[in-house]
Amino acid sequence: MNIILLESKMNPIVLGVVFFALFFVLIFILFVRYFRKLYKMRDERLQLEAQIAEEVNNARNEIQQLTLNTISQEIHDNVGQLLSLAKMQLNLIAESPEKNPQLIEETKDNISKAMSDLRDLAKGMSSDRIKVLGLYDSVIQEAERISRAGSLSVEVSSDGERQEPDHQKQLVIFRVIQECFQNIIKHAQAAHVKVAFTYMPKGFDISIQDDGRGFEFNSERTATSGLGLMNIFNRVTLVGGMAKVNTAPGKGTQILLHIPI
């Protein structure tokens, strides 16, 4: 009888011990899962940061290469021609027995234009121009450069209170816009491009619309997997944004970018 009573008194204690043991095991499992998830999130964040750093470096190199190519071409096509013309005019002035005021003024204008073009090129050579000017003003400068070439007119506008992401994101987005411009120049057969920035409290949209020949987006996207448009999509996604293409044959192309801040 005494043994039975002792066993009945121990049962609640045993049950309590088992309950607390199971409770601590459950807590331990939850902690393990939590820290595994935490470490996974940390690894994903580090991987994303590494991808962004690599993309920023690629974008910077591409911007610098494009800038150098542009400078080389403009020096050859514009500045070189202006200085050659000014040299011919100076030779004519030197050989002429009488001064020609109109020819002298034209020579001065050509030299002034060459100096102005060189100043613009010097601004474009700065690798920190986006950091100094910001994204919007850098796009305006790029639009002016393209428009000066004469084959394509680029108009830039903004709506709302201007705000911009950090410098690294600006570099990537600027390279995306440059890539859009290059695609339009090479393939769109367009005469005009409108770039519109629309600023909102938590981000901004960029619309790049041309009046070119357009294309079948699905087939083009499949055919250029990993290149062209897909490169634009990947870069925008990498900085946390979204991209959309509206186009059809004969109706031009609009690329919409949404960038959160």
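Trainee: What makes strand 3 and strand 5 count as a pair?

Mentor: Two strands pair if DSSP finds at least two bridges between them. One of the positions is Asp-210, whose bridge partner in strand 5 is Thr-253. This is a predicted model, in which local features need pLDDT of at least 70 and side-chain atom pairs count only at pLDDT 80 or more, while totals for chains, interfaces and linings use all residues. Residues are numbered from 1 along each chain as its sequence is written, and side-chain values use heavy atoms, with hydrogens and water left out.

Trainee: How do you know that strand 2 also pairs with strand 3?

Mentor: Eight bridges link strand 2 (residues 192-200) with strand 3, and the two run antiparallel. In this pairing, Val-193 stands opposite Asp-210 of strand 3. Strand 2 and strand 3 form a hairpin, with two residues between them.

Trainee: Why is strand 3 called mostly covered?

Mentor: A residue is buried under 20% relative accessible area, exposed over 50%, and partly exposed in between (1.4 Å probe, protein chains only). In strand 3 (residues 203-210), six of the eight residues are buried. Helix 7 is likewise described as mostly covered, with seven of its ten residues buried; among them are Leu-229, Ile-232 and Phe-233. For the protein, buried residues make up 32% of the 261 residues.

Trainee: What makes a stretch a helix or a strand, and how many of each has the protein?

Mentor: Helices are DSSP runs of H or I with at least four residues, strands are runs of E with at least two, and both are numbered from the N terminus. The protein has seven helices and five strands, and along the sequence their pattern is α-α-α-α-β-α-β-β-α-α-β-β.

Trainee: Why is helix 5 called roughly antiparallel to helix 7?

Mentor: Axes are lines fitted to C-alpha atoms, for helices over the stretch in contact, and angles between N-to-C directions run from 0 to 180 degrees. Angles under 35 degrees count as roughly parallel, over 145 as roughly antiparallel, 65 to 115 as roughly perpendicular and the rest as oblique. Helix 5 (residues 167-188) and helix 7 (residues 229-238) pack at about 165 degrees, with axes 10 Å apart. Helix 5 is therefore roughly antiparallel to helix 7. Contact means heavy atoms within 4.5 Å; the residues involved include Val-172 and Arg-175 of helix 5 and Asn-231 and Ile-232 of helix 7.

Trainee: Why is helix 4 called roughly parallel to helix 5?

Mentor: Helix 4 (residues 135-149) and helix 5 pack at an angle of about 20 degrees, with their axes 10 Å apart. Helix 4 is thus roughly parallel to helix 5.

Trainee: Is the crossing of helix 4 and helix 5 left-handed or right-handed?

Mentor: A crossing is left-handed if the near helix is turned anticlockwise from the far one by less than a right angle, and right-handed if clockwise. The crossing of helix 4 and helix 5 is right-handed, whereas that of helix 5 and helix 7 is left-handed.

Trainee: Why is Gln-170 called buried?

Mentor: Gln-170 belongs to helix 5. Its relative accessible area is 8%, so Gln-170 is buried. Leaving aside neighbours within four places in sequence, Gln-170 is in contact with Ile-130, Gly-134, Leu-135, Glu-164 and Pro-165.
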